[in-house]
Amino acid sequence: MAVDRGRYTCVLPGAGPDDPTVTAMRARELGRKSVVVGDRVGLVGDTSGSSGALARIVRIEPRRSVLRRTAEDDASTAEGRLERVVVANADQLVIVSALADPPPRTGFIDRCLVAAYDADIEPLLCLTKADLAGPETVLDYYTELELPYLLIRPDSPLDALRSLLTGRISVLVGHSGVGKSTLVNRLVPEAERAVGTVSAIGRGRHTSTSAVALRLPAPPDADQDPGWIVDTPGVRSFGLAHVSAESLLHGFPDLVEATADCPANCPHTADEADCALDAWVATGRADPRRLASYRRLLASRAGETDPRTEPDPRGHPE
Ligand SMILES: Nc1nc2c(ncn2[C@@H]2O[C@H](COP(=O)(O)OP(=O)(O)OP(=O)(O)O)[C@@H](O)[C@H]2O)c(=O)[nH]1
Ligand SMILES: [Mg+2]
């Protein structure tokens, strides 16, 4: 459920919400393998959960999915090779984007979509702060995609979100200050996640500092598994050095079909005269901003631009 300074909080199979959690450390035999939130592990030692008890993690079960990100896009740099597993075994990636304060950045959402498809995790777009601005610009950009989305206001009922979370492990990702912890507190009131403020320049203060999995409350008169939600710290960018150029395209299902007409081994870059993607958008079959976003990702992976200073199609820095 959580990792803090070498101590892992674990929940035993079959344990209910009122049963104690087990604190564990990693056993030496795990070697360099990292244990992350969402991992299923083998425990030995004192698993009673009583105060002061310490168990040992001796095994990590094979992961059903692995959500990764890198510090930078370019795999030829040390930062680009620094890969972080955000969470293991997630079923759903909830991309949280505020409609204002901080403003939405479609370039960031596109990166999250690539990561979701690459990890085989279903994406869900949660547009928060819908009380402050309308969703039209963001939704217009994604019209070609069958991307499920929800609008969230402080007072809006969360029934639709709850039903999409039921029975699954969902992980929230987004910039700092977009309202991830606020949402978690509404879904799981006893979570008491710290909530921050957003500065005048539209940046959050990185209030949450580590990922934590929380058990969703069981719906009344249902014996279904309510599922888990993972709150994560805000990230500035979502580096994709670990995703191959070909896999990047999976984050752009509105463009995939066009590449059937590309020459063999087409790099799909802007300087490739025969790339079929140009004709595809020129004839109105996809939004040119989506192609521009895809090509910015390609260029960023090749180390041609600094991902942190790239413009977003909506004119915001990413
Ligand atoms: N107006 C408005 N404000 C919101 C909404 N959701 C969250 N906020 C505010 O946005 C600020 C940041 O919220 P947090 O929940 O801390 O954001 P976070 O995504 O967890 O941020 P990090 O932990 O830094 O990654 C707080 O002041 C919230 O009260 C919303 O729907 N509408
Ligand atoms: Mg937070």
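Biologist: Why is Phe252 called buried?

Modeller: Its relative accessible area is 0%, so Phe252 counts as buried. Tyr294 has 1%, so that residue is buried too.

Biologist: What makes Phe252 and Tyr294 a tilted pair?

Modeller: Rings of Phe, Tyr and Trp (its six-membered ring) pair if their centres lie within 6.5 Å; planes under 30 degrees apart count as stacked, over 60 as edge-to-face and the rest as tilted. The centres of Phe252 and Tyr294 are 5.3 Å apart and the planes stand at 55°, so the pair is tilted. Phe252 sits in the loop between α6 (245-248) and α7 (253-256) and Tyr294 in helix α9, 42 residues apart. Helices here (H or I, at least four residues) and strands (E, at least two) are DSSP runs, numbered from the N terminus.

Biologist: And why are Tyr141 and Tyr142 called edge-to-face?

Modeller: Their ring centres are 4.7 Å apart with planes at 85°, so that pair is edge-to-face. Both tyrosines are buried.

Biologist: How do you know that Arg193 and Asp231 form a salt bridge?

Modeller: A salt bridge is a side-chain nitrogen of Lys or Arg within 4 Å of a carboxyl oxygen of Asp or Glu. For Arg193 and Asp231, the closest N and O atoms are 2.8 Å apart. Arg193 is in the loop between α5 and β12 and Asp231 in strand β13 (residues 228-231), so the bridge ties together parts that are 38 residues apart in sequence. Arg193 has a relative accessible area of 16%, so it is buried, and Asp231 is buried at 0%.

Biologist: Is Arg5 buried or exposed?

Modeller: Exposed: its relative accessible area is 76%. Its salt-bridge partner is Asp4, with the closest N and O atoms 3.0 Å apart, and Asp4 is partly exposed at 43%. The structure holds eleven salt bridges.

Biologist: What makes Ser181 and Ser208 donors of the magnesium ion?

Modeller: Donors are N, O and S atoms within 2.8 Å of the metal (3.2 Å for Na, K and Ca); water is not among the atoms, so sites may look incomplete. The OG atoms of Ser181 and Ser208 lie 2.1 Å from the magnesium ion (ligand 2). Ser181 is in helix α5 (residues 180-187) and Ser208 in the loop between α5 and β12 (212-215), so the pair ties together parts 27 residues apart in sequence. Both serines are buried.

Biologist: How confident is the model, and where does pLDDT stay under 50?

Modeller: pLDDT is the predictor's confidence in each residue, from 0 to 100. The chain's mean is 89, and 95% of its residues reach 70 or more. Over residues 307-318 pLDDT stays under 50. Where pLDDT is low, the predicted coordinates should not be read in detail.

Notes
Residues are numbered from 1 along each chain as its sequence is written. Chains are lettered from A and ligands numbered from 1 in the order in which they are written. This is a predicted model: local features need pLDDT of at least 70, side-chain atom pairs count only at pLDDT 80 or more; totals for chains, interfaces and linings use all residues. Side-chain values use heavy atoms; hydrogens and water are left out. Buried means under 20% relative accessible area, exposed over 50%, partly exposed in between (1.4 Å probe, protein chains only). Contact means heavy atoms within 4.5 Å.
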